[in-house]
Amino acid sequence: MTKNKEAVKSTFCIHCDKTGIIRNPYFNEMGESALTPCPKCVLDKCLCGGEEPYYYSENGSIKECYCRDIRMRIDRINTVYSKSGIEKKFQWKSFNDFRAENKLANEAKNAAYEIVNNFPDVKKGLFLWGNPGTGKTLLSSIILTELIIRHAAEGRFIKISRTFFNRLKATFVEGSDTYGESSKIEKELSEVDILVVDDFGIQRDSAWEQETLYNLVDARYESERFTIFTSNNNPHKALAELSQGRILSRIKEMCKIIEISGEDYRNRL
Ligand SMILES: [Zn+2]
Ligand SMILES: [Zn+2]
């Protein structure tokens, strides 16, 4: 089996970056899957017509189609992706969608590239901070998307907002749909391979919210999982005083802290 896979792998072309998979640029307009087997090195050998379970018959016998491994991989990626929680408008974005127009943005993009190319051999996650509208959410969504596509790794995107906390709170309310699921959610967020925590801020209004975020940082730190944070605040200032600086020191150990500031990105779209 392994031998067979190796043989298949070596035939992928440069058109698809030797992955056998390309992005379908018209998936939104056409309502199609965002990923498709490479037309040059996979589809030209496909004899099943893309029909599950990707077998074809030849001289009365049923054979596994050449495209099967790739199609199953795309199916797996789609399943993982659909659970990722990436906001609709940032879904399936690639590095081409992120235009780095200043030095800081360029450095952030390079750091993102490095992670995507070296994963899972990366020592640190990222803490992207800067003024709103500079593409932090976009860049972190791109990293998560690339990691899911290339590694079919499990990843989650969470936005720290009122809704996030309300949803968590509901798990403590008897009679709610999610009652009793708080530990399940916590476990999932602390153990998922890749976690993006968007809009990580200082929730001064509630001690419970603050503690929830700190517990999350702690849990990711303890489990040594890859984490990306985005924040509108400079962590060196905003987090310095909190918990005697413990949160900041954990984040420094876990993440490369990168500033990404500039003109409002959304005004240029
Ligand atoms: Zn190819
Ligand atoms: Zn086929």
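Visitor: Why are helix α7 and helix α8 called oblique to each other in this predicted model?

Guide: Helix α7, residues 182–191, and helix α8, residues 207–223, pack at an angle of about 50°, with their axes 8 Å apart. Angles under 35 degrees count as roughly parallel and those from 65 to 115 as roughly perpendicular, while the rest, apart from angles over 145, count as oblique. The two helices, α7 and α8, are therefore oblique to each other, and the crossing in which α7 passes α8 is right-handed.

Visitor: Which residues make the contact between α7 and α8?

Guide: On the side of α7 the contact is made by L189, S190 and E191, and on the side of α8 by L216, A219, R220 and S223. Sorted by class, the contact of α7 with α8 has three nonpolar, two polar and two charged residues.

Visitor: Why is strand β8 said to be largely enclosed by the rest of the structure?

Guide: A residue counts as buried if 20 or more other C-beta atoms lie within 10 Å of its own. Six of the six residues of β8, which covers residues 226–231, are buried, so the strand is largely enclosed by the rest of the structure. F226, I228 and T230 point one way from β8, whereas T227, F229 and S231 point the other way, and all are buried.

Visitor: How do you know that β5 and β8 pair?

Guide: Two strands pair if there are at least two bridges between them, and four bridges join β5, residues 125–129, to β8; these strands therefore pair, and they run parallel. In β8, I228 is the bridge partner of L126.

Visitor: What joins strand β7 to β8?

Guide: Four bridges join β7, residues 194–198, to β8, and the two strands run parallel. The bridge partner of V196 in β8 is I228.

Technical notes
Residues numbered from 1 in each chain as written. Chains lettered and ligands numbered in written order. Predicted model: local features only at pLDDT ≥ 70, side-chain atom pairs only at ≥ 80, totals over all residues. Axes fitted to C-alpha atoms, helices over the stretch in contact; angles between N-to-C directions. Left-handed = near helix turned anticlockwise from the far one by under 90°. Contact = placed C-beta atoms within 7 Å. Nonpolar A, V, L, I, M, F, W, Y, C, P; charged D, E, K, R; others polar. Buried ≥ 20, exposed ≤ 12 C-beta atoms within 10 Å, placed from the backbone.
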